[in-house]
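Please examine the sequence and the three-dimensional structure shown below. The paragraphs that follow lead through selected features in turn.

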Amino acid sequence: MPFYEVSVITRSLSKSDLVKALTRAGNTLLDHGAVIEKVESLGHRDLPYKRLAKQTNEPVYASNFFIFKAHMSREARQKTKSILTHDLDTVQVDLIQVDTLPSQKIQCNLDEILKSPAERQAVADLRENQKMGHFTRQMIYKRTEKEWKSIPKSYPIAPPRP
């Protein structure tokens, strides 16, 4: 069964009505064979644009956002979406399939991180593959030329003549 995020946006309701609406949504998911892993509340937020309540056609500017994370079949997805969309307390319902890829094992590279940047392989690769334009090359050349000129040069002193 694929993994879905069911986002439910309800209209502004009292706490008891909100609990009833969410239990109705959860029971609808469970009745159609979904396995709910997690329910998250994203809080009471402003909507990005004005919506209309279904029965009263009143404008809704702010509402409660909830996410159900559940496993369900594709047939159950269509049925539950139509049922939840027709619920009078919900403003919007979306079911989004989430790809669950097996996580790769993380390898510790602390010894590589603790090296100085000059010794790290990643920094060496960056330096090797960097692209520089003409202006950048010219600036580097001028800087190194200026540094070279600022170093005091000592001329060899000739040995005394016999």
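**A guided reading of the model**

Ser12 counts as partly exposed, because its relative accessibility is 43%. The model in which this residue is seen is a predicted one. Ser12 is placed in the loop between strand 1 and helix 1. From Ser12 to Val39 the distance in space is 19 Å, C-alpha to C-alpha, and the two are 27 residues apart in sequence.

The helices may be considered next. Two packed helices are described by the angle between their axes and by the distance between the axes. Here, helix 1 covers residues 15-31 and helix 2 covers residues 74-85; they pack at an angle of about 160 degrees, and their axes are 10 Å apart. Helix 1 is therefore roughly antiparallel to helix 2, since an angle over 145 degrees counts as roughly antiparallel. The crossing in which helix 1 passes helix 2 is right-handed.

Within helix 2 lies Ser82. With a relative accessibility of 35%, Ser82 counts as partly exposed.

The salt bridges come next. In total, the count comes to eight salt bridges. One of them joins the side chains of Glu5 and Lys69, with 3.7 Å from N to O. Because Glu5 lies in strand 1 (residues 3-10) and Lys69 in strand 3 (residues 59-71), this pair ties together parts that are 64 residues apart in sequence. Glu5 has a relative accessible area of 25% and is therefore partly exposed.

Lys69 also forms a salt bridge with Glu40, in which the closest N and O atoms are 3.2 Å apart. Lys69 lies in strand 3 and Glu40 in strand 2 (residues 35-52), so that this pair ties together parts that are 29 residues apart in sequence. Glu40 counts as partly exposed, as its relative accessibility is 23%. Lys38 is partly exposed as well, with a relative accessible area of 46%.

Most residues other than glycine have a negative phi. Asn57, although not a glycine, has a positive phi of about 55 degrees. Is Asn57 buried or exposed? Asn57 is exposed, because its relative accessible area is 53% and the limit for this class is over 50%.

Leu110, Ile113 and Leu114 make a nonpolar surface patch of about 320 Å². Of these residues, Ile113 has its place in helix 3, which consists of residues 110-113. Ile113 counts as partly exposed, because its relative accessibility is 46%.

Definitions and conventions
Residues numbered from 1 in each chain as written. Predicted model: local features only at pLDDT ≥ 70, side-chain atom pairs only at ≥ 80, totals over all residues. Heavy atoms only, no water. Patch = residues over 30% accessible without salt bridge, like charges linked within 9 Å, V, L, I, M, F, W, Y side chains within 5 Å. Areas by Shrake-Rupley, 256 points an atom, 1.4 Å probe, with all protein chains shown as cover. Salt bridge = Lys/Arg side-chain N within 4 Å of Asp/Glu carboxyl O. Helix = DSSP H or I, 4+ residues; strand = E, 2+ residues; numbered from the N terminus. Buried < 20%, exposed > 50% of the residue type's maximum accessible area, 1.4 Å probe, protein only. Axes fitted to C-alpha atoms, helices over the stretch in contact; angles between N-to-C directions. Parallel < 35°, antiparallel > 145°, perpendicular 65-115°, else oblique. Left-handed = near helix turned anticlockwise from the far one by under 90°.
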